[in-house]
Amino acid sequence: MKKLVAAVLTGLMVFSLAACGGGDSKETEAKKETEAKTEAKADAGETKTGETEAKAPEKKDSYSVGITIQDLSNATWATQVNTITEKCEELGWTVTAVQHDNDAQKCITQIENFTNSGCDFIFIQSSAAEAIKDAVKAAQDKGICVIGTGVALEFADMNYTNDNYDAGYRCGQAIGNWANETFGEDHELIVAQFLYDEIVEVTQRTDGQLDGLKETHPKFQVVANAHPTDSATAMTETENVLTAHPEIEVIFNWGDSMALGSLEAVRSMNREGEEMAIVSVDGTDEAVAEIAAGSSLIMSCSLGGPEEQGLQQFDMLQAYIAGTNEDHYYSPNITIDRSNAKDYAQ
């Protein structure tokens with residue numbers, strides 16, 4: 001899996017949404033003009049928003065990294081953090097990772113603690129951009145590089161995100177194709193969709209799911225929603241929605257941790273089979289193994305895999321130190337289903 005994904009990551013690591021059109025001379029000229037303006041602002045000591053630009057960390061033998069993330073029990077996020085930590089520790093760097101439980105004030109306190117302890121880099125996964133802005137500014141004023149991860153922060157020095165709408169859209173297409181093959185194009189599909197409205201990137205995924213389904217199998221009805229945040233709550237919510245609506249044939253999940261919880265619930269209720277499908281986003285090893293085994297989890301959109309995402313984010317730190325970094329990095333989207341899961345399975 002690592003060799004296959006590495007090839008994709010090499011081609012996509014420095015990919016900008018602004019360049020999607022490609023080859024347009026006007027866009028090229030506009031890009032050059034924007035870059036020139038940005039360089040001029042940098043020479044004047046300003047960022048794009050007119051604030052003082054964070055200075056690159058002083059060149060030294062060891063760096064300190066702080067990471068504040070929503071939930072370290074989430075398998076995808078935990079793997080990213082562990083990978084960053086392992087790579088940093090190999091170089092003698094120190095890493096401190098904490099979770100803020102989607103509590104803006106808790107996140108602010110953690111950023112302040114990282115700032116006061118002398119961190120060189122701070123990774124932040126937060127949807128409360130306005131609330132944490134002052135704390136981030138205080139960190140940048142002390143020369144700390146702030147990185148938005150998973151959720152883009154306009155005022156961060158670098159961001160690492162995904163095209164979440166496209167990831168969700170691929171899930172919807174997978175379900176639509178499955179429905180056509182399993183039931184036929186005229187069948188009205190009964191759907192449950194798990195949401196998480198507090199994070200815009202998750203909403204982009206779930207919006208994409210329904211749009212992808214509309215494109216491939218427009219006859220469907222969403223009869224239940226739930227808002228799980230991890231495997232355990234997803235298992236409970238799946239049991240609840242299937243009890244209330246035993247006619248459900250599809251469960252859309254926004255992340256693999258939730259999908260694996262849904263799968264366990266489906267199994268415990270003896271609902272696993274050819275007429276039940278679960279899809280998700282992340283492409284974790286556990287999810288890929290279930291897809292390859294022919295379970296009711298039929299597809300996950302890999303974002304390069306959480307380990308590879310962690311490696312990318314570690315590379316961002318080194319690029320920043322070297323002065324060769326980009327402002328925004330994107331993870332790739334790779335559809336993993338029964339046709340190719342064995343190629344990606346560990």
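## Basis of the values

The model is predicted: local features need pLDDT of at least 70, side-chain atom pairs count only at pLDDT 80 or more, and totals for chains, interfaces and linings use all residues. Residues are numbered from 1 along each chain as its sequence is written, and side-chain values use heavy atoms, with hydrogens and water left out.

Helices (H or I, at least four residues) and strands (E, at least two) are DSSP runs numbered from the N terminus. Axes are lines fitted to C-alpha atoms, for helices over the stretch in contact, with angles from 0 to 180 degrees between N-to-C directions.

## Helices H8 and H9

The axes of H8 (residues 231-244) and H9 (residues 256-268) come within 7 Å and cross at roughly 45°. The two helices are therefore oblique to each other; angles under 35 degrees count as roughly parallel, over 145 as roughly antiparallel, 65 to 115 as roughly perpendicular and the rest as oblique. Their crossing is right-handed, meaning that the near helix is turned clockwise from the far one by less than a right angle.

Contact (heavy atoms within 4.5 Å) involves H8 residues including Met 235 and Leu 242, and H9 residues including Met 258 and Val 266. The residues of this contact divide into 7 nonpolar, 6 polar and 2 charged. Here Ala, Val, Leu, Ile, Met, Phe, Trp, Tyr, Cys and Pro count as nonpolar, Asp, Glu, Lys and Arg as charged, and the others, Gly among them, as polar.

## Helices H6 and H7

The axes of H6 (residues 164-182) and H7 (residues 200-216) come within 6 Å and cross at roughly 35°. This crossing is also right-handed.

Among the residues in contact are Tyr 165, Tyr 169 and Ile 175 in H6, and Arg 205, Asp 207 and Leu 213 in H7. By class, the contact has 5 nonpolar, 12 polar and 5 charged residues.

H9 has 13 residues and reaches 18 Å from its first C-alpha to its last, close to the 18 Å expected at 1.5 Å a residue. The expected span is 1.5 Å times one less than the number of residues.

## Positive phi values

Most residues other than glycine have a negative phi. Asn 270 is in the loop between H9 and strand S9 (277-282) and is exposed, with a relative accessible area of 70%.

Asp 282, in strand S9, has a positive phi of about 145°. At 7% relative accessibility, Asp 282 counts as buried.

Definitions and conventions:
Buried < 20%, exposed > 50% of the residue type's maximum accessible area, 1.4 Å probe, protein only.
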